[in-house]
2 protein chains.
Amino acid sequence: MTLFSYVEFCLYEALDDMTNFQRTYSIGEVEIDGAAIYHTTGLRERRDHCTLFGCTREPTGFDTNRDVFVGVHNGLQEAAVPLAGRAFNSVAHGWNPVGSHQLDLRLEPGEEETFAFVLALLEQPGPTVDRAAGHALLARYAEPGAVWTAFDALRERWRVLLDGLQVDCPDTLVRRMLNTWNQSQVIATFNLSRSASLWESGIGRGMGFRDSNQDLLGCVHLVPERARQRLLDLAATQLSDGTCFHQYQPLTKKGNAEIGGGFNDDQLWLVVSTCAYIKETGDASILAEPVGYADVPGSRDDLLHHLETSIAFTLANRGKHGLPLIGHADWNDCLNLNCFSTDPDESFQTAGDVEGSRAESAMIAGLFLYAARELARLYTHLDRPEDEARLLAAYDEMLAAVEAEAWDGAWYLRAFDAAGSPVGSHVCDEGRIFVESQAWCVLGGAGAENGRARRALESVQELLAKEDGVVLVQPAYTRYHPELGEITSYPPGYKENGGVFCHTNPWITLCWCLLGEGDRALDSYLAICPATRESRIETYRSEPYAFAQMIAGPDAATPGEAKNSWLTGTAAWALVALSQGILGIRPDYGGLRVDPCIPPGWDSFHVTRRFRGVVYEIGVRNPRHVSGGVHGLTVDGREVFGNLVPAGAVGSVVHVDVELGG
Amino acid sequence: MTLFSYVEFCLYEALDDMTNFQRTYSIGEVEIDGAAIYHTTGLRERRDHCTLFGCTREPTGFDTNRDVFVGVHNGLQEAAVPLAGRAFNSVAHGWNPVGSHQLDLRLEPGEEETFAFVLALLEQPGPTVDRAAGHALLARYAEPGAVWTAFDALRERWRVLLDGLQVDCPDTLVRRMLNTWNQSQVIATFNLSRSASLWESGIGRGMGFRDSNQDLLGCVHLVPERARQRLLDLAATQLSDGTCFHQYQPLTKKGNAEIGGGFNDDQLWLVVSTCAYIKETGDASILAEPVGYADVPGSRDDLLHHLETSIAFTLANRGKHGLPLIGHADWNDCLNLNCFSTDPDESFQTAGDVEGSRAESAMIAGLFLYAARELARLYTHLDRPEDEARLLAAYDEMLAAVEAEAWDGAWYLRAFDAAGSPVGSHVCDEGRIFVESQAWCVLGGAGAENGRARRALESVQELLAKEDGVVLVQPAYTRYHPELGEITSYPPGYKENGGVFCHTNPWITLCWCLLGEGDRALDSYLAICPATRESRIETYRSEPYAFAQMIAGPDAATPGEAKNSWLTGTAAWALVALSQGILGIRPDYGGLRVDPCIPPGWDSFHVTRRFRGVVYEIGVRNPRHVSGGVHGLTVDGREVFGNLVPAGAVGSVVHVDVELGG
């Protein structure tokens with residue numbers, strides 16, 4: 001029997017000013033060394049890696065030229081080499097190099113033979129392929145069982161990584177998502193942000209400022225050192241007036257001048273993510289790290305200075321209702337209140353003159369409340385009461401504006417447009433209620449004292465919660481409103497215009513947790529949870545293990561169909577909502593807090609949580625079948641008052657027993 | 001019999017800060033109206049077009065969902081609809097919409113039926129598909145013969161366009177290239193520059209400044225009005241110090257801040273292209289057009305000011321040998337003398353600090369000579385003798401520096417590196433001779449009086465001219481030289497490192513014309529001419545009708561293999577070299593000049609040339625079998641002294657008879 005292996009190499013020759021690729025058509029090269037096929041860019045210096053495709057069994061032939069293996073006019077269904085039954089030993093120079101081994105096997109009945117193919121990125125010290133390293137790599141897997149040992153090691157590496165957060169609870173899907181898939185997805189979003197993928201092409205976009213800050217919330221417990229560096233990189237793209245480059249290039253760490261700034265929520269996310277980092281790690285030293293502003297060469301202002309600059313920017317840029325000016329857009333990039341575009345060739349993201357415009361965002365107001373309170377609590381932790389009081393005064397002022405100007409009667413307004421008219425109000429003919437301002441005003445603490453938080457959430461439940469999740473806006477826009485921008489250009493039911501824009505849904509989950517509604521919190525988590533879609537996969541049409549950016553809403557032609565999976569902020573927020581909201585295992589400045597909001601039907605659950613070098617084994621019992629409230633908490637058998645778990649010794653395992661019903 | 005039509009639509013949803021695409025996965029929509037299948041972006045406003053795929057015969061079914069037509073797991077070789085033998089009338093929403101008609105035909109023996117498929121981009125006034133326009137378009141082609149009439153009209157449109165320059169000469173390939181293919185390629189390069197194509201992905205690059213100026217040389221006779229606008233657009237990306245954004249985005253017409261400027265030849269190409277435009281059109285009014293500098297908001301300096309600023313920049317930025325400083329690079333983007341890069345993640349194009357660096361370019365010196373002389377002659381034409389004298393004084397000063405410092409004994413040096421060592425000299429161990437400095441020093445007039453021009457060209461012939469054209473450098477670099485940059489990182493024989501980088505070859509053709517060597521001029525034209533490759537197509541592996549960027553040189557693993565066809569400056573320069581150099585039909589400020597340099601073996605040739613609204617029918621006879629020199633010239637039967645054809649009346653046809661051998 002003759003077997004042929006086959007891989008297609010794909011290396012790019014040159015990365016030219018970060019946004020342009022030339023494919024290896026020109027100069028990709030291969031080297032063949034027995035069973036090892038190497039693919040290089042063909043560039044001879046500054047080259048520090050190559051690709052190896054090898055086999056642990058000695059091949060009887062090889063091919064590396066795709067035109068030879070496949071045939072110039074064939075498809076892979078009828079590739080030339082398998083049709084011919086033999087390799088042609090072709091050596092590729094440029095174009096699309098492939099790797100293929102010919103293996104001739106003779107097996108008697110019942111006989112078996114084991115061998116492995118190895119596909120590897122090999123680092124090398126100089127321009128020359130390190131054949132000795134490739135040979136050693138193949139030799140390492142030559143022994144039967146070595147491959148399985150390696151897979152075991154890989155599994156173990158993931159197990160160790162993921163074991164820092166594991167849950168055992170009555171809901172199978174919750175277990176499956178939290179323990180494996182959601183955690184692996186947050187690493188993908190942290191690494192790739194919204195970069196080139198199945199869904200996006202071109203790398204001009206780079207990493208989004210607000211995206212990356214939010215992505216970090218989901219994986220700071222997994223990769224705290226990398227999160228630290230990312231925070232400093234992000235802060236370094238802030239300008240001295242407080243605005244931020246909306247996007248930056250991860251290799252150069254420079255902001256994208258083409259799109260610039262002017263997205264007036266951006267800087268507040270830096271406050272949120274920095275506080276999350278410190279709550280997870282306890283490492284407040286990051287605040288003193290020198291960073292500096294992108295527009296001030298040589299500046300070395302520390303990270304805390306950046307956070308204060310962020311807060312100050314919002315305070316200095318408020319409109320006539322006392323709410324923050326929106327700029328090009330806030331979190332909803334498609335709500336462009338200062339754009340008024342009529343030119344199809346124009347980007348909504350950068351069109352329009354935002355200088356001097358008065359459009360205001362209630363969503364940014366809510367985000368400001370959240371961020372200012374986080375920073376105030378950080379100052380409490382740092383024992384800086386004057387700074388805390390200053391932040392809380394700013395908080396109170398913004399809260400007063402929100403309650404005085406942004407309440408529409410049954411929910412919070414979304415914004416005031418450039419003419420001062422309300423957006424997301426019962427007076428609108430379409431786009432009467434938006435999810436973002438309900439989520440962020442409530443998460444920021446608005447409506448907590450006066451019942452509006454609950455009223456707003458009930459409106460969400462009544463008007464926005466659909467079978468496939470909470471849609472972003474209702475009624476969806478049926479015509480283009482130049483004063484509202486891109487969102488009104490989308491077909492109803494898709495993307496921001498009435499689609500289930502999943503990113504917003506975990507915010508609502510967190511709101512339900514705030515309100516102590518465990519059933520609704522879990523329902524809202526499950527509504528967009530991909531693991532629930534296995535039985536509806538023909539409709540869902542996306543991976544049942546990765547959150548998607550969007551699920552088409554009921555107004556769409558294809559309701560329930562998911563699109564743009566993987567690189568979405570939903571991953572991070574869903575993990576936060578589930579682990580910190582529903583399960584209530586929440587890092588805080590002073591330690592780990594336990595404050596669940598679960599379905600009353602759950603009898604118990606157990607969480608393993610690695611936190612600041614200690615493993616906490618947390619058993620939560622729910623004998624009274626409530627949603628939350630800690631009735632009793634013991635740590636290694638000793639009773640503790642409240643819901644904050646005292647820190648254990650680094651390296652130790654601490655057993656926490658919690659009884660709900662307080 | 002059942003037929004199925006099939007096209008794949010590909011529209012992008014959103015152009016986001018010019019460098020990022022989201023595919024129609026999200027929201028592309030189709031509409032079916034009988035035989036008309038429309039594909040739209042799904043965006044409802046600011047939409048001014050859609051795609052129509054229609055059929056003039058009533059279909060019995062349709063499909064627009066690729067997954068339905070092809071099948072989720074099938075390939076096009078075994079698409080589901082043809083396998084099933086019937087359409088499924090699927091309606092796509094997003095993803096990859098396709099268009100397919102099912103047509104049921106019944107033909108008796110000998111019977112035939114004619115119908116047409118129409119694929120069109122339909123402009124429409126608003127967001128709604130203009131079905132009436134689509135219907136009318138299909139109706140227009142319903143009548144048998146209407147399609148052929150339309151093709152005739154298309155052919156006629158091209159005929160009229162291309163008829164402005166047609167040759168009849170003894171060489172079949174020259175006729176084929178000039179009359180059709182070379183002219184159509186220059187329109188492609190003018191439209192697309194080096195943008196996204198088979199070879200490049202990402203649109204971050206946009207249009208190159210020097211590329212676009214050179215592309216314009218080839219098609220100013222075809223699209224003079226568009227060339228005028230392009231010149232003004234390009235000039236507007238120049239900065240007030242004379243440098244230029246190296247690339248710019250054609251939609252926004254803004255320079256790319258990421259790559260910036262510092263390519264010290266860029267601005268001189270603007271002089272060359274502007275002079276070419278005026279020589280072709282006689283339209284010196286462009287010099288007074290307000291343009292302004294990219295870094296001076298509101299500036300309105302005219303185009304002539306820009307040309308002077310370009311000249312002044314070079315004069316103000318010379319090194320210790322009196323030659324122009326090279327900056328990041330000159331025309332050869334890969335010769336990076338101030339880069340010294342050791343970081344694989346760094347772009348050679350932008351790495352290195354060019355401020356204060358002293359590396360000098362003999363190629364820019366030659367280009368300066370050429371540009372300064374062009375501008376001096378323009379001033380002569382404009383009757384501004386003081387400006388002319390000023391330019392000629394600068395010319396003389398640069399010429400003296402070139403002759404004193406850049407002559408290596410048998411050819412011109414390429415450059416002095418940052419340490420002051422010669423590049424492209426007999427003292428180098430590799431990279432001893434480069435083509436660019438020979439071409440541009442000679443084209444700029446260096447070596448004309450002292451025999452060095454001929455000596456340099458003989459060196460090119462001896463050391464660089466190979467079977468597949470003139471290679472860029474010899475010996476090719478075999479190791480990385482940090483002081484020389486990217487060129488030395490390429491494998492020998494490919495791209496700039498000893499490949500036939502075709503763009504340079506027509507320069508050499510023009511040099512041979514200057515020296516009166518008709519045979520060598522045509523040989524050098526034919527050496528890279530794609531039409532000559534039909535018999536060697538298995539080696540050439542590229543279109544035999546479009547110039548390629550590169551043909552692998554003898555040092556390569558695949559000598560003779562062409563890569564990166566179509567979008568190359570070779571197209572424009574080859575057209576200039578053939579029509580203005582070899583055939584010698586050359587626009588000049590005062591009119592059309594006839595100054596051929598043909599193979600002595602040619603008995604005669606005939607050129608039709610549209611020029612400033614007059615059609616010149618130019619017959620050139622060569623009874624003495626010489627290369628050039630006008631012995632006699634008659635215009636509509638009247639003798640004319642010299643080789644400048646007096647202007648005819650606009651709209652007239654002028655008959656010119658030329659006898660060579662003067």
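The following conversation walks through parts of a predicted two-chain model.

Biologist: How reliable is chain A, and what is its mean pLDDT?
Modeller: This is a predicted model, in which local features need pLDDT of at least 70, side-chain atom pairs count only at pLDDT 80 or more, and totals for chains, interfaces and linings use all residues. Residues are numbered from 1 along each chain as its sequence is written, chains are lettered from A and ligands numbered from 1 in the order in which they are written, and side-chain values use heavy atoms, leaving out hydrogens and water. With pLDDT being the predictor's confidence in each residue, from 0 to 100, 95% of the residues of chain A reach 70 or more, and the mean pLDDT is 92.

Biologist: Over which residues of chain A does pLDDT stay under 50?
Modeller: The model as a whole scores ipTM 0.81 and pTM 0.82. The stretch asked about has 50 contacts beyond four places in sequence, where contact means heavy atoms within 4.5 Å. The residues of chain A with pLDDT under 50 there are 12–21.

Biologist: How are helix 14 and helix 15 of chain A directed, roughly parallel or roughly antiparallel?
Modeller: Helices (H or I, at least four residues) and strands (E, at least two) are DSSP runs, numbered from the N terminus, while axes are lines fitted to C-alpha atoms, for helices over the stretch in contact, with angles from 0 to 180 degrees between N-to-C directions. The axes of helix 14 (residues 505–514) and helix 15 (residues 518–527) of chain A come within 8 Å and cross at roughly 170 degrees. Angles under 35 degrees count as roughly parallel, over 145 as roughly antiparallel, 65 to 115 as roughly perpendicular and the rest as oblique. Helix 14 and helix 15 of chain A are therefore roughly antiparallel.

Biologist: Which residues of helix 15 of chain A make the contact with helix 14 of chain A?
Modeller: From helix 14 of chain A, the contact uses A:Asn505, A:Ile508, A:Thr509, A:Trp512 and A:Cys513. The residues of this contact divide into five nonpolar, three polar and one charged, where Ala, Val, Leu, Ile, Met, Phe, Trp, Tyr, Cys and Pro count as nonpolar, Asp, Glu, Lys and Arg as charged, and the others, Gly among them, as polar. From helix 15 of chain A come A:Arg520, A:Ala521, A:Ser524 and A:Tyr525.

Biologist: How many of the residues of helix 12 of chain A are buried?
Modeller: Buried means under 20% relative accessible area, exposed over 50%, and partly exposed in between (1.4 Å probe, protein chains only). The buried residues of helix 12 (residues 435–443) of chain A include A:Glu436 and A:Trp440. This helix is largely enclosed by the rest of the structure, because the buried residues number nine of the nine.

Biologist: In which sense do strand 30 and strand 33 of chain A pair, parallel or antiparallel?
Modeller: Two strands pair if DSSP finds at least two bridges between them. Strand 29 (residues 614–621) and strand 33 (residues 653–660) of chain A pair in the parallel sense over seven bridges, and A:Val615 stands opposite A:Val653. Strand 30 (residues 630–635) of chain A meets strand 33 over five bridges, with A:Leu633 the bridge partner of A:Val658, and the sense of this pairing is antiparallel.

Biologist: What is the phi of A:Trp566?
Modeller: Most residues other than glycine have a negative phi, and most peptide bonds are trans. A:Trp566 lies in the loop between strand 25 (562–565) and helix 17 (570–582) of chain A, and A:Trp566 is partly exposed, with a relative accessible area of 27%. Although A:Trp566 is not a glycine, its phi is positive, at about 75 degrees.

Biologist: Which residue is joined to A:Gln474 by a cis peptide bond?
Modeller: The omega of this bond is about -20 degrees.
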